[in-house]
Amino acid sequence: MEAAMGLMRRIPPKHTETALSALLSLMPDNSSDLLSQVDQPLQVLCDVECGKEFILCEYNRDADSYRSPWSNKYHPPLEDGSLPSSELRKLEIEANDIFAIYRDQYYEGGISSVYMWEDDNEGFVACFLIKKDGSKTGQGRRGYLEEGAWDAIHVIEVGPEEEENTNYRLTSTVMLTLTTNNESSGTFSLSGSIRRQMSMKLSVADGHLCNMGRMIEEMESKLRNSLDQVYFGKTREMVCTLRPPSEVAQLRMPDSA
């Protein structure tokens, strides 16, 4: 299992589904662990009843059906699917409305979904998802990418209240895939994923949504900086080393005399 997880961490996100399917066939006894621990590129389904799209993941799946955060119903229909309590459902509805505003301000489009459920420690867990399609046919496109996707998964474990304070543990994963294919930049493909964790003890005076929102905003800023430095920064360094600009190349050439 450890070797399988090590392999999946090194697989580009666009090949995750194929690699996971192969591992499931090789390790059927570990299927539940693999499905719960391996983050896959997010898929989207339309809630026909509300006319809105929602994101599919392990956190809103029950059997082969997925719960919509808009109608609170499973697709395909499932009679005995697990549902959040009425109080947690109200918080989930509010979180979806607020997170949609956050998504539009930071991502200029895309699709977002928030799911919540009770845990076994008298607290609850919230999952915040964002999918931004940056390809030519994607929402909010700018025309630079042939293919491109940003998948963000934020899972926050919220503990029970202790003297007006609560422990929050955030686990965030971002999967990035982009491909260009034009005359100016040529054909270029880059993909990867990054995961980080953060734990904080905060006052509940401002409410859970404010606390979770601040943590997600701070974490996304750190993840974007890490991706810029690790993936784009290192790639730029390698390209400039292997194929220096013409001005630099001329300076490096020895004098003909």
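## Notebook: salt bridges, core and loops

I started at Arg89, which counts as buried at 11% relative accessibility. The model is predicted, and I kept that in mind throughout. Arg89 forms a salt bridge with Glu92, and the closest N and O atoms are 2.4 Å apart. I checked Glu92 next and found a relative accessible area of 0%, so Glu92 is buried. Both residues sit in helix H4, three residues apart, which means about one helical turn lies between them.

**Other salt bridges.** I looked up the total and got nine salt bridges. Which of the pair is buried? I read 1% relative accessibility for Glu220, so Glu220 counts as buried. Arg224 has a relative accessible area of 30% and is partly exposed. I also noted a network: salt bridges with shared partners join Arg67, Arg89 and Glu92.

My next pair was Lys131 and Asp151, whose side chains meet in a salt bridge at 3.1 Å, N to O. This pair links distant parts of the chain, with Lys131 in strand S7 and Asp151 in strand S8, 20 residues apart. Lys131 has a relative accessible area of 18%; the cut-off for buried is under 20%, so Lys131 is buried. Asp151 is buried too, at 3% relative accessibility.

I stayed in strand S7 for Ala126. Ala126 is buried, with a relative accessible area of 0%. I took the C-alpha separation from Ala126 to Val155 and got 5.8 Å, for residues 29 apart along the chain.

The largest nonpolar core holds 33 residues, and Met116, Phe124, Phe128, Ile156, Tyr168 and Met212 touch the most other members. I listed the elements that give two or more residues to this core: H4, S6, S7, S8, S9, strand S10 (186–203) and helix H5 (208–242). H5 gives the most, with seven residues.

**Loops and backbone.** Where is the cis peptide bond? I found it joining His75 and Pro76, with omega about -10 degrees. Pro76 is placed in the loop between strand S5 (74–75) and helix H4 (86–107). Pro77 is in the loop between S5 and H4 as well, and Pro77 counts as exposed at 77% relative accessibility. I set Pro77 against Gly123: they are 46 residues apart along the chain, and their C-alpha atoms are separated by 28 Å.

Glu108 has phi near 55 degrees. Glu108 is in the loop between H4 and strand S6 (111–118) and is partly exposed at 49% relative accessibility. Glu122 has a positive phi of about 65 degrees. I placed Glu122 in the loop between S6 and strand S7 (124–133), where it is exposed at 73% relative accessibility.

**Surface charge.** Which residues form the negative surface patch? I noted Glu161, Glu162, Glu163 and Glu164. Glu164 lies in the loop between strand S8 (147–158) and strand S9 (165–182). Its relative accessible area is 64%, so Glu164 is exposed.

**Overall.** I counted six helices and ten strands. The C-alpha trace spans about 85 × 45 × 40 Å along its principal axes. Of the 257 residues in the protein, 39% are buried.

Definitions and conventions:
Residues are numbered from 1 along each chain as its sequence is written. This is a predicted model: local features need pLDDT of at least 70, side-chain atom pairs count only at pLDDT 80 or more; totals for chains, interfaces and linings use all residues. Side-chain values use heavy atoms; hydrogens and water are left out. Patches are made of residues with over 30% relative accessible area and no salt bridge: like charges are joined within 9 Å, nonpolar side chains (Val, Leu, Ile, Met, Phe, Trp, Tyr) within 5 Å. Accessible areas come from the Shrake-Rupley method with a 1.4 Å probe; for residues, only the protein chains shown count as cover. A salt bridge is a side-chain nitrogen of Lys or Arg within 4 Å of a carboxyl oxygen of Asp or Glu. Lys and Arg count as positive and Asp and Glu as negative; His and the chain ends are not counted. The place of a charge is taken as NZ of Lys, CZ of Arg, CG of Asp or CD of Glu. Helices (H or I, at least four residues) and strands (E, at least two) are DSSP runs, numbered from the N terminus. Buried means under 20% relative accessible area, exposed over 50%, partly exposed in between (1.4 Å probe, protein chains only). A nonpolar core is a set of buried Ala, Val, Leu, Ile, Met, Phe, Trp, Tyr and Cys residues joined through side-chain atoms within 4.5 Å.
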